[in-house]
Amino acid sequence: MQKNSTLGEFIIGNQKHFKYAAGELSRLINSIRLAAKVVNHEVNKAGLVDILGDAGDTNIQGEDQQKLDVYANEIFMKRLINRQIVCGIASEEEDDFVTISGSDEANSSKYVVLIDPLDGSSNIDVNVSVGTIFSIYRRVTKPGTPVQLEDFLQEGNKQVAAGYIVYGTSTMLVYTTGHGVNGFTLNPAIGTFYLSHPNMKFPEDGSIYSINEGYYSHFPQGVKDYLKYCQMEEGNRPYKARYIGSLVSDFHRNMIKGGIYIYPTSSKAPQGKLRLLYECNPMAFLAEQAGGKASDGYIRMLDIKPIELHQRVPFFCGSKNMVEVAEKFMQNHPDDATY
Ligand code: P6P
């Protein structure tokens, strides 16, 4: 598909790849496209209306819910439910998964969606880019019956599609259906996404590392050893430290320039901070589809068997060679593995 095709044209052209020829997945991606445009509009004017600050509530993570978190969650849920193309949704902002029932169409849908509606939301008030992350699976329980928890607790290697929207200096939708990674940039003047980054590839190597070094003293020894390696004067090192505090933005920059993102375990976060199902698995699927790598420091991220909906895992993700070097440092300390 040539550059500057629209997302709609791309989805139609890409239809040939989908074994699920019914076009439901295309309609699903289209509903995400619409929700992305609505959320983008609000994110871009967040500073202008009384939508900043806490929503006065907290989510299951115990994190203060920003109004835009709540708003983004409502928009994506509404779009997905109205189109009746999914049978269940799990969201960072919902304590439990949501069963979509009602019309036969919704009940017979074969897909479930897991979503982090607005990742990096602590950046909203300081005008730093945030993102939405989504992950799509085919249900494993009997079609036509209400979804079960097991429909959501699938290994990342079972994902049908995954992607993110980054609300940055421009708004981009980047996604994969297992046939490579493609990036679409929104032209806000006409509300259309155009194919601006076809067939995105993670550089095999890079010179950027993204981690919150403020927690250095709490990190496991393998991470401390790797950070010292990154900072050593040798070859193309020291590397550059770049950490936005927004996974989608750090991941996106590293995929374009080369780099590694790490959110490890620490004494403050014994299982890590990032959630397996709607942050790490979709980003790991994208990373691998772009030739990169993702693990928990020890095992492939996409092979981890989930045990609960909001489970957290340590996350190492980015340029293949960089992740492999970091894993070598981690594997000197097998006792630090969480699996
Ligand atoms: P810390 C945002 O809350 C997030 O989930 C990621 O987007 C980001 O990379 C990370 O947490 C930032 O966490 O502990 O460094 O502030």
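Predicted model: local features only at pLDDT ≥ 70, side-chain atom pairs only at ≥ 80, totals over all residues.
A residue counts as near a molecule here if one of its heavy atoms lies within 4 Å of it.

Which residues are closest to the ligand? Of the 14 residues that surround it, the closest are D119, Y243, L247, Y261 and Y263. Sorted by class, this shell has 6 nonpolar, 4 polar and 4 charged residues.

Next, the polar side-chain atoms around the ligand. Y243, one of the closest residues, has a polar side-chain atom 2.6 Å from an oxygen atom of the ligand. For N212, a polar side-chain atom lies 2.9 Å from a ligand oxygen. In the side chain of K273, an N or O atom is 3.0 Å from an oxygen atom of the ligand. How much of the ligand does the protein bury? On its own the ligand exposes 400 Å², and the protein buries 85% of that.

Now to a pair of helices. Two packed helices are described by the angle between their axes and the distance between the axes. Helix 6 covers residues 247–257 and helix 7 covers residues 276–289; their axes come within 12 Å and cross at roughly 10°. Angles under 35 degrees count as roughly parallel, so helix 6 is roughly parallel to helix 7.

Which residues make this contact? Helix 6 contributes L247, V248 and F251, while helix 7 contributes E279, M283, L286 and A287. By class, that is 6 nonpolar residues, no polar ones and 1 charged.

The peptide bond from R237 to P238 is cis, with omega near 10°. P238 sits in the loop between helix 5 (221–231) and strand 12 (240–241). Q84, which is not a glycine, has a positive phi, near 50°. Its place is the loop between helix 3 (67–82) and strand 3 (88–91).

Terms used:
Residues numbered from 1 in each chain as written. Heavy atoms only, no water. Polar contact = N/O pair within 3.5 Å; in protein donor to acceptor, adjacent residues only side chain to side chain. Areas by Shrake-Rupley, 256 points an atom, 1.4 Å probe, with all protein chains shown as cover. Nonpolar A, V, L, I, M, F, W, Y, C, P; charged D, E, K, R; others polar. Axes fitted to C-alpha atoms, helices over the stretch in contact; angles between N-to-C directions. Helix = DSSP H or I, 4+ residues; strand = E, 2+ residues; numbered from the N terminus. Parallel < 35°, antiparallel > 145°, perpendicular 65-115°, else oblique. Contact = heavy atoms within 4.5 Å.
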